2 protein chains.
Amino acid sequence: MKFEPVTIKDIAKALNLSTSTVSRALRDSYEISAKTKKRVIEYAEEMNYMPNPIALGLKERKTRSIGVVVCEIANSFFSQAINGIESVAYNAGYNVIITQSNESYEREVINVKHLASRSVDGIIISISSETTDFSHLKELRDKGMPIVFFDRIVADIQTHKVTSDNYMGAYNATMHLAQNGYKKIAFLGNAEYLSIIKERLAGYIKALEDSKLPYNPDFIKYCLHGGLIYEETETVLKELLKGKNKPDAIIACADKLTTNCLRYFKKNNVSVPNDVGLIGFSNLDLTEWLQPSLSVIRQQAFEMGANATELLVQLISSKRPVKQFENMVLVPNMIIRESSM
Amino acid sequence: MKFEPVTIKDIAKALNLSTSTVSRALRDSYEISAKTKKRVIEYAEEMNYMPNPIALGLKERKTRSIGVVVCEIANSFFSQAINGIESVAYNAGYNVIITQSNESYEREVINVKHLASRSVDGIIISISSETTDFSHLKELRDKGMPIVFFDRIVADIQTHKVTSDNYMGAYNATMHLAQNGYKKIAFLGNAEYLSIIKERLAGYIKALEDSKLPYNPDFIKYCLHGGLIYEETETVLKELLKGKNKPDAIIACADKLTTNCLRYFKKNNVSVPNDVGLIGFSNLDLTEWLQPSLSVIRQQAFEMGANATELLVQLISSKRPVKQFENMVLVPNMIIRESSM
DNA sequence: TTGTATGCGTTATCAG
DNA sequence: CTGATAACGCATACAA
């Protein structure tokens with residue numbers, strides 16, 4: 001006894017009407033008499049009628065769902081962002097399909113292809129730290145798929161973008177450390193070519209200049225896997241913190257990278273912020289209590305997700321060709337949060 | 001210049017064949033000549049043909065997507081489980097739609113209704129800690145929607161379930177603490193009526209008996225919000241740890257609950273495991289380095305997710321009526337992991 | 001105001 | 001071996 005959903009046809013038959021009348025009545029068309037409308041709507045209600053989204057999609061060539069590509073959801077920044085994405089999407093009547101690249105280019109391409117193969121009306125993507133070739137995204141964009149780049153945007157691809165003011169964020173973070181007496185501040189990023197990292201590096205360098213601190217290229221390090229592999233971070237930190245002229249503070253440019261730094265410091269009995277100052281990007285609620293006086297920046301994950309989704313939904317339902325790009329850069333407050341020492 | 005996906009019809013026209021021939025060739029039907037088959041498949045490949053899942057769904061009354069309801073994705077157990085779910089679902093050709101209840105009953109009902117109305121083919125759910133009324137799920141099950149209960153199952157609802165051996169897990173955890181010299185072990189759960197908590201409580205009590213430790217009802221506490229609200233946990237811990245006869249160890253029965261305990265201890269300069277022993281459920285990779293010798297149990301999140309999904313996919317494609325329930329309880333290894341002190 | 005016919009992309013069932 | 005046609009559920013242009 002399988003559950004058979006009631007269709008417009010069933011209603012039409014039961015009420016001795018045509019399917020089109022029923023359809024129009026349910027859509028509250030002006031050309032239907034109030035009486036018929038009422039009869040249909042009441043009966044539909046009673047039978048718990050639900051329009052079949054698949055049939056709708058077939059007609060409109062829409063799936064009413066949007067795809068999301070992030071590096072991983074077990075990341076406080078992205079899981080918060082996803083909350084924002086979902087809340088907007090649901091209100092707009094969209095489902096959200098989340099995929100994870102695990103910082104792998106190959107995986108990202110697979111995910112994007114899968115989403116694009118008509119299971120999705122639009123895509124929100126934060127590229128993997130490994131991605132340097134963007135042809136899969138350019139292709140998609142050229143085919144007319146609405147895409148919003150999120151957080152980790154691609155500078156040289158013309159499309160819609162939502163990101164934070166990474167330059168100012170890194171600038172503020174560096175200034176903060178400098179003002180607290182740190183003289184040799186290191187910069188730890190994930191991927192050198194990632195736009196958000198480039199911007200942060202620029203902000204970092206500007207802050208060094210403004211606080212008259214020397215710029216030391218040895219203090220700039222990258223972990224391609226973005227902290228997904230602890231050992232990679234460990235190797236880099238070892239390299240960074242060896243010798244006599246080692247840094248006395250670090251700016252860590254990713255959620256997991258920050259976690260890994262803390263882990264490494266714990267393991268090696270390095271005290272934060274006494275031995276080493278540390279500021280981590282992203283919203284790690286753990287870091288607040290892990291190490292007193294560790295500062296954490298960028299709290300607007302939810303808003304960023306929500307904004308990106310609003311933009312995407314707008315793009316999807318927009319009648320204008322998607323090719324009329326409007327770059328939109330969102331600048332959320334970058335918060336330096338300090339806990340008491 | 002909107003992107004128009006290539007359809008079977010297009011291929012048929014281009015190759016001077018009928019749509020049915022093309023369809024059969026692509027499905028590798030035995031009644032098509034090798035030559036035609038090759039011609040069609042090659043052309044389809046070249047044109048990057050992708051079958052339209054919506055049209056497929058219309059025929060089969062399927063959406064090829066499954067819904068997931070968890071309390072939150074920013075939870076190491078669930079985000080790992082979701083990885084398992086997605087990997088199986090993806091291989092079986094299903095999309096995964098994730099929703100979060102945030103431990104709210106109301107939210108859970110909304111999510112379930114939403115998923116059901118958008119006609120996912122099946123649902124994997126881990127109920128919220130607030131949920132005590134299961135009519136929304138019973139209703140759905142009675143309508144024939146394949147449902148697999150995951151992790152936080154409902155004991156008195158007859159359907160398919162995948163969970164871990166919580167009784168043994170708690171038993172082992174408690175024994176571990178007892179064997180390490182702790183005498184007054186407290187039990188911290190989220191919701192009293194949650195089956196996994198009841199089972200863990202039973203295992204805890206049995207372990208107390210077996211290690212000849214007294215059972216003290218004051219040592220059993222609950223945080224309904226499952227750690228989502230730190231202050232709630234803090235209040236409970238304050239209550240638990242006051243007085244002279246306070247516990248010397250705690251079993252924390254949820255991911256965030258464990259985190260909150262650590263946060264509270266940090267704040268109050270309580271050393272783990274010297275002042276208080278602590279074992280937390282779920283897979284918190286952070287805890288490993290946060291506090292030496294903190295033990296963490298249940299590593300099988302990925303496998304559990306994968307198993308639940310396999311079961312669900314099987315249910316969906318099963319021709320038998322879904323009402324023939326088979327309870328399936330998965331018993332993953334419960335691991336007590338220790339880091340060096 | 002209502003009904004009829006058509007099409008969205010695909011597959012199954014007939015015919016040939 | 002291949003082709004024509006109906007059907008899935010819905011919306012809509014066109015007819016009445």
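Residues are numbered from 1 along each chain as its sequence is written, and chains are lettered from A and ligands numbered from 1 in the order in which they are written. Because the model is predicted, local features need pLDDT of at least 70 and side-chain atom pairs count only at pLDDT 80 or more, while totals for chains, interfaces and linings use all residues.

**Confidence**

Chain A has a mean pLDDT of 83, with 87% of its residues at 70 or more; pLDDT is the predictor's confidence in each residue, from 0 to 100. Over residues 321-341 of chain A the pLDDT is below 50, and this stretch has 52 contacts in the model beyond near neighbours in sequence. Two residues are in contact if their C-beta atoms, placed from the backbone, lie within 7 Å.

**Surfaces near the DNA strands**

A residue is near a strand if its C-beta atom, placed from the backbone, lies within 6 Å of it. DNA strand D is surrounded by 26 residues, of which A:Thr7, A:Ser20, A:Asn52, B:Ser20 and B:Thr21 are the closest. Helices are DSSP runs (H or I, at least four residues), numbered from the N terminus. At least two residues of the surface near DNA strand D come from each of helix 1 (8-15), helix 2 (19-26) and helix 4 (53-60) of chain A, and from each of helix 2 (19-26) and helix 4 (53-60) of chain B. Helix 2 of chain A gives the most, with 5 residues.

Around DNA strand C there are 24 residues, and A:Ser20, B:Thr7, B:Ile8, B:Asn52 and B:Ala55 come nearest. Here helix 2 and helix 4 of chain A, together with helix 1 (8-15), helix 2 and helix 4 of chain B, each supply at least two residues. The largest share, 4 residues, comes from helix 4 of chain B.

By class, the surface near DNA strand D has 9 nonpolar, 11 polar and 6 charged residues, and the surface near DNA strand C has 8 nonpolar, 11 polar and 5 charged residues. Ala, Val, Leu, Ile, Met, Phe, Trp, Tyr, Cys and Pro count as nonpolar, Asp, Glu, Lys and Arg as charged, and the others, Gly among them, as polar.

**Helix packing**

Two packed helices are described by the angle between their axes and the distance between the axes. Axes are lines fitted to C-alpha atoms, for helices over the stretch in contact, and angles run from 0 to 180 degrees between N-to-C directions.

| Helix pair | Angle | Axes |
|---|---|---|
| Helix 6 (residues 105-116) and helix 7 (residues 135-142) of chain A | about 15° | 10 Å apart |
| Helix 5 (residues 76-91) and helix 13 (residues 301-317) of chain A | about 40° | 7 Å apart |
| Helix 5 (residues 76-91) and helix 13 (residues 301-317) of chain B | roughly 40° | within 7 Å |

At about 15°, helix 6 of chain A is therefore roughly parallel to helix 7 of chain A. Angles under 35 degrees count as roughly parallel, over 145 as roughly antiparallel, 65 to 115 as roughly perpendicular and the rest as oblique. The crossing of these two helices is left-handed, that is, the near helix is turned anticlockwise from the far one by less than a right angle, whereas clockwise is right-handed. A:Val109, A:Val112 and A:Ala116 in helix 6 meet A:His136, A:Leu137 and A:Leu140 in helix 7. The residues of this contact comprise 5 nonpolar, 1 polar and no charged.

In chain B, helix 5 and helix 13 are oblique to each other and pass in a right-handed crossing. The contact of helix 5 of chain B with helix 13 of chain B has 12 nonpolar, 6 polar and 2 charged residues.

In chain A, the crossing of helix 5 and helix 13 is right-handed. Residues of helix 5 of chain A in this contact include A:Phe77 and A:Gln80, and those of helix 13 of chain A include A:Ala301 and A:Phe302. This contact divides into 11 nonpolar, 6 polar and 2 charged residues.
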